[in-house]
Amino acid sequence: MGLNPVVCLNWCHFEGENASVVFEETSGQTYLLDPLRALVLTFFESGMTHAEVKAEVVRQLQEFAPTGNATVLDDLFREFAALGLLEEPDL
Amino acid sequence: MTEPTTLKNEPPLATNTPASLARRSMLLKSVAKGGGLLAVTAGSTQVLATGSLTVLTHDGKRCSISGMQSGAYSGPQTTVTCQGYSPGKYKKIENWPNYNWSTKSAWNTVGALRFNQNEKFKVVFGGGSDRGLLYIMQNMSDSDEFHWITALLNALGGAPANFYFPFNGAEVVQLYKSSRSADALKFFKDYMEKHTG
């Protein structure tokens, strides 16, 4: 399970603002994302599954600092699924 | 707001080009500075009201395979309803998109495949019935293929633009082949077959 197969994303990143804007073509929706949400969505866009994204986020963040509880990512996955961006996670 | 660092014609972050990896690294550093995974509870995905329409099903759910399984949408109020024609419309070849009255055929294209009403379902969709598309519409109303063809024809222009049918032809075929084909079929049957022809 990963990105909804009909999702098509177009990105703009505002580095100084720590924000990303992404336009989703199928729904016509435009979203404002913080860096974590943008990072997670880009991992899904690369073809990763829910489990792979969770492992990769934890692995990469641990290089910078202790990351906290990775189960909070499940809430983020549900948030994206409710918006139609992801397939329903197997949680 | 500062100038954006990614433009639409640049490689998407999903690729592994140096530019994409650099932007992903930028995001990672921003995440680490912002408290790591704590950002999940501190932040949210905001829908920007940029003038685009929100497309909903007839009972108020977001018009997508996943969205229709969520609760009712409660965002900005500029909405339209997505819909399609019911299968009955397409039992008549005259109602198919791109029907030609001289040749009495309807030629359409999905991806690289050009096909007419007699093409086998499995050739168009990559699986399923060996029967022709129109034959299925006229004789196999109990089949799943009956609804998949309806969705495809709605996507190819059978449903007018103001129906906001949410997928194009290639996407319908892709959904048929995907791991969510059962959910997609239910979505089409429950939500997209509302108008009689």
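Reply: Start with a definition. Rings of Phe, Tyr and Trp (its six-membered ring) pair if their centres lie within 6.5 Å; planes under 30 degrees apart count as stacked, over 60 as edge-to-face and the rest as tilted. The model is predicted: local features need pLDDT of at least 70, side-chain atom pairs count only at pLDDT 80 or more, while totals for chains, interfaces and linings use all residues. Residues are numbered from 1 along each chain as its sequence is written, chains are lettered from A and ligands numbered from 1 in the order in which they are written, and side-chain values use heavy atoms, with hydrogens and water left out.

Me: How many aromatic pairs does a search of the whole structure find over all chains?
Reply: A pair of aromatic rings is described by the distance of the centres and the angle of the planes. The search covers the whole structure, and its count over all chains is 12 aromatic pairs.

Me: What kind of aromatic pair do Phe121(B) and Phe125(B) form?
Reply: Both residues lie in helix H3 (residues 121-125) of chain B, four residues apart, about one turn of the helix. Helices (H or I, at least four residues) and strands (E, at least two) are DSSP runs, numbered from the N terminus. The ring centres of Phe121(B) and Phe125(B) are 4.2 Å apart, with 10° between the planes, and the pair is stacked.

Me: Are Phe121(B) and Phe125(B) buried or exposed?
Reply: Buried means under 20% relative accessible area, exposed over 50%, partly exposed in between (1.4 Å probe, protein chains only). By that cut-off, Phe121(B) and Phe125(B) are both buried.

Me: What kind of aromatic pair do Trp148(B) and Phe188(B) form?
Reply: The two rings are 5.6 Å apart, centre to centre, with 75° between the planes, and they form an edge-to-face pair. This pair links distant parts of the chain: Trp148(B) is in helix H5 (residues 144-158) and Phe188(B) in helix H7 (residues 181-191) of chain B, 40 residues apart. Trp148(B) has 3% relative accessibility, so it counts as buried. Phe188(B) has 1%, so it too counts as buried. The answer is edge-to-face.

Me: Which residues do ring pairs link into a cluster?
Reply: The stacked Phe121(B) and Phe125(B) belong to the cluster.

Me: Which residue lies over the face of Tyr85(B)?
Reply: A charge sits over a ring if NZ of Lys or CZ of Arg is within 6 Å of the ring centre and within 35 degrees of the ring normal. Here the distance from the ring centre is 4.1 Å, and the residue is Lys89(B).

Me: Why does Lys189(B) count as partly exposed?
Reply: Lys189(B) lies in helix H7 of chain B. Ser86(B) is 103 residues from Lys189(B) in sequence, yet 8.6 Å away in space, C-alpha to C-alpha. Lys189(B) counts as partly exposed because its relative accessibility is 36%.

Me: What pattern does chain B follow along the sequence?
Reply: Chain B has seven helices and seven strands. Buried residues make up 47% of its 197 residues. Read along the sequence, the pattern is α-α-β-β-β-β-β-β-β-α-α-α-α-α.

Me: And what pattern does chain A follow?
Reply: Chain A has three helices and three strands. Of its 91 residues, 62% count as buried. Read along the sequence, the pattern is β-β-β-α-α-α.

Me: Why is helix H1 (residues 35-45) of chain A largely enclosed by the rest of the structure?
Reply: Among the buried residues of H1(A) are Pro35(A), Arg37(A) and Glu45(A). After H1(A) comes Gly47(A), with a positive phi, near 110°. H1(A) is largely enclosed because the buried residues number 11 of the 11.

Me: Which residues does Glu56(A) touch, not counting residues up to four places away in sequence?
Reply: Glu56(A) is in helix H2 (residues 50-62) of chain A. Its relative accessibility is 17%, so it counts as buried. Contact means heavy atoms within 4.5 Å. The residues touched are Phe43(A) and Met48(A).
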